[in-house]
Amino acid sequence: MSAEGSTRAVITALGANLGIAVTKFVAFALTGSSSMLAEGIHSVADSSNQVLLLVGGKRAGRRATEEHPFGYGRERYIYAFLVAIVLFSLGGLFALYEAWHKISDPHEIKEWQWVPIAVLLVAIVLEGTALRTAVKESNRSRGRANWVQFVRRSKSPELPVILLEDTGALAGLVFALAGVSLTLATGNGVWDGIGTAAIGVLLAAIAIVLGAEVKSLLIGEAATAEQVREIRRAIVASPDVPELIHMRTMHLGPDELLVAAKIAVDLQDDAREVADAINDAEARIREAVPIARLIYLEPDVLRKGG
């Protein structure tokens, strides 16, 4: 997955959400609809999240230092986790609070009744455009994985976050449209509150899923099964390394993989021959899996009987 593609999807979503947020708040000011207020806050939360993703991507590109010798690649995961927190608190919890307030004291929409419907329809078109961009960019790297597998297995957090956010935004707009439409049709503001509650539950659920997935990346995930197989084949592709004893891999960032392995060498080899075998194995690993940036190979001698 290219960083350029992720950035393009984030910027598209940011532009759409900023425009949508303004129209939603105008609609709320004219109508007093709690669904419009919840959706406005939702768009603000999404816009804040996209800014966080952009900042995280920028900071992750810094060079390694003595204090941080493995670089800053994981900053993208830190900022993605902040996205989940913002979505849960600013989006989900606020919507649930507003829903409780509206259901406790319902009131119908008497003025500018066409405004929320028009705003929501326009927002659906804009969110659909942003989601289409995210889907297009994701398809470049999704391969044969289905969408659930892509979200769960992706090591780059930006596109899964945008996919879930935009999907949730579209669903939230449908909930808001249903709540506002039923309020206008029946004159009962409780429907507006129910639509707002549905938005809150949806956002909280998406935030929990995002938080769980990003937490796994923060702890440290291994390379994919396919990458592990490629690395194993590369290590033992030469007679100089007769066997791979054991290996560990870990993502230091979406595009940076740490490989640590203990390899067998011939007991009769001298130090120079062992060093050459290690250097050649490292070169083969980098050719097979280009994101394997940090490689540590420890030589050992196989002993009969383990």
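Into which domains is the protein chain divided? There are two entries here: domain 1 (3-219) and domain 2 (225-301). Those bounds come from an automatic or database domain assignment.

Some ground rules. This is a predicted model, where local features need pLDDT of at least 70, side-chain atom pairs count only at pLDDT 80 or more, and totals for chains, interfaces and linings use all residues. Residues are numbered from 1 along each chain as its sequence is written, and side-chain values use heavy atoms, with hydrogens and water left out.

Now the interface. The C-alpha centres of domain 1 and domain 2 are 42 Å apart. Domain 1 brings 8 residues to the contact and domain 2 brings 9 residues. Contact here means heavy atoms within 4.5 Å. About 750 Å² is buried between domain 1 and domain 2, and carbon and sulfur atoms give 60% of that. Buried area is the accessible area (1.4 Å probe) that two parts lose on being put together, summed over both.

What about charges? Side chains of opposite charge can pair when their charged atoms come close. My rule for a salt bridge: a side-chain nitrogen of Lys or Arg within 4 Å of a carboxyl oxygen of Asp or Glu. Across the interface of domain 1 and domain 2, that rule finds 1 salt bridge. In the structure it finds 11.

Let me take some of them. Arg76 bridges to Asp255, with the closest N and O atoms 3.6 Å apart. Lys262 has two partners to show you. With Glu298, the closest N and O atoms are 3.8 Å apart. That pair links distant parts of the chain: Lys262 sits in strand E2 (residues 256-264), Glu298 in strand E3 (residues 292-300), 36 residues apart. Helices (H or I, at least four residues) and strands (E, at least two) are DSSP runs, numbered from the N terminus. With Asp300, Lys262 makes a salt bridge at 3.7 Å, N to O. Asp300 is in strand E3 and Lys262 in strand E2, so this pair ties together parts 38 residues apart in sequence.

Buried or exposed? Lys262 counts as buried, at 19% relative accessibility. Glu298 is partly exposed at 44%. The cut-offs: buried is under 20% relative accessible area, exposed over 50%, partly exposed in between (1.4 Å probe, protein chains only).

Next, helix H9 (residues 271-288). Arg286 and Glu282 are 4 residues apart there, about one helical turn. Their closest N and O atoms are 4.0 Å apart, in a salt bridge. Arg286 is partly exposed at 35%, while Glu282 is buried at 16%.

One network: Arg59, Arg62 and Glu75 are linked by salt bridges. Arg62 also lies over the face of Tyr72, 3.9 Å from the ring centre. That call needs NZ of Lys or CZ of Arg within 6 Å of the ring centre and within 35 degrees of the ring normal.

Last, rings. The structure holds 2 aromatic pairs. Tyr97 and Trp100 have ring centres 6.3 Å apart and planes at 35°, so they are tilted. Rings of Phe, Tyr and Trp (its six-membered ring) pair if their centres lie within 6.5 Å; planes under 30 degrees apart are stacked, over 60 edge-to-face, the rest tilted. Tyr97 is partly exposed at 48%; Trp100 is exposed at 56%. Trp147 and Phe150 are edge-to-face, 6.1 Å centre to centre, with 90° between the planes. Both lie in helix H5 (residues 147-153). Phe150 is buried at 6%, and Trp147 is partly exposed at 33%.
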